[in-house]
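Subject: Structure handover

Hello,

Please find the structure below, followed by notes on what was found in it.

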Amino acid sequence: MFKKKIHIENVVRKLRFNNNEMTQQQLAEDVGVSRQTIVAIEKYKYTPSLDLAFKIALAFEMEIQDVFFINQ
């Protein structure tokens, strides 16, 4: 059915800056991961689990699809 890899993008970096310039460390602490995990997510080197994606969206009080999306 899906032959090519799905590329999931996000606006985490933009949301951090729009949220009083939240640091990667602050977001990491809020969602229970390392700062390096947030760095990897922002650089599209790591796709978060569904659980983590929801935690990140909730940290910004947003719907998950407004934070993570497929770029086709």
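Helices (H or I, at least four residues) and strands (E, at least two) are DSSP runs, numbered from the N terminus. This is a predicted model, in which local features need pLDDT of at least 70 and side-chain atom pairs count only at pLDDT 80 or more, while totals for chains, interfaces and linings use all residues. Residues are numbered from 1 along each chain as its sequence is written, and side-chain values use heavy atoms, with hydrogens and water left out.

Lys-3 sits in the segment before β1. With a relative accessibility of 83%, Lys-3 is exposed (buried means under 20% relative accessible area, exposed over 50%, partly exposed in between; 1.4 Å probe, protein chains only). Between Lys-3 and Val-39 there are 28 Å in space, C-alpha to C-alpha, and the two are 36 residues apart in sequence. Ile-6 also belongs to the segment before β1 (8–10), and is partly exposed at 40% relative accessible area. Ile-6, Ile-8 and Ile-70 make a nonpolar surface patch of about 230 Å². Patches are made of residues with over 30% relative accessible area and no salt bridge, where like charges are joined within 9 Å and nonpolar side chains (Val, Leu, Ile, Met, Phe, Trp, Tyr) within 5 Å. Accessible areas come from the Shrake-Rupley method with a 1.4 Å probe, and for residues only the protein chains shown count as cover.

Salt bridges

There are two salt bridges in the structure (a side-chain nitrogen of Lys or Arg within 4 Å of a carboxyl oxygen of Asp or Glu). One of them pairs Arg-16 with Glu-42, with 2.5 Å between the closest N and O atoms. Arg-16 is in helix α1 and Glu-42 in helix α3 (residues 35–42), so this pair ties together parts that are 26 residues apart in sequence. Arg-16 is buried at 5% relative accessible area, and Glu-42 is buried at 12%. Helix α1 covers residues 12–18. Not counting residues up to four places away in sequence, Arg-16 touches Glu-21, Met-22, Thr-23, Gln-24, Leu-27, Glu-42 and Phe-60 (contact means heavy atoms within 4.5 Å).

Asp-51 and Lys-55 also form a salt bridge, and their closest N and O atoms are 3.4 Å apart. Both lie in helix α4 (residues 50–59), four residues apart, a separation of about one helical turn. Lys-55 is partly exposed, at 38% relative accessible area.

In helix α2 (residues 24–31), the buried residues are Gln-24, Leu-27, Ala-28 and Val-31. Seen down the axis of α2, they fall within an arc of 100°, so they line one face of the helix; the arc is that of the directions from the helix axis to the C-beta atoms. Glu-29 and Asp-30 are exposed on the face of α2 turned away from its buried side. The packing partners of the buried residues of α2 are α1, α3 and α4. After α2 comes Gly-32, with a positive phi near 80°.

Which residues of α3 are buried? They are Ile-38, Val-39, Ala-40, Ile-41 and Glu-42. Their cover includes β1, α1, α2, α4 and β2 (68–70).

Regards
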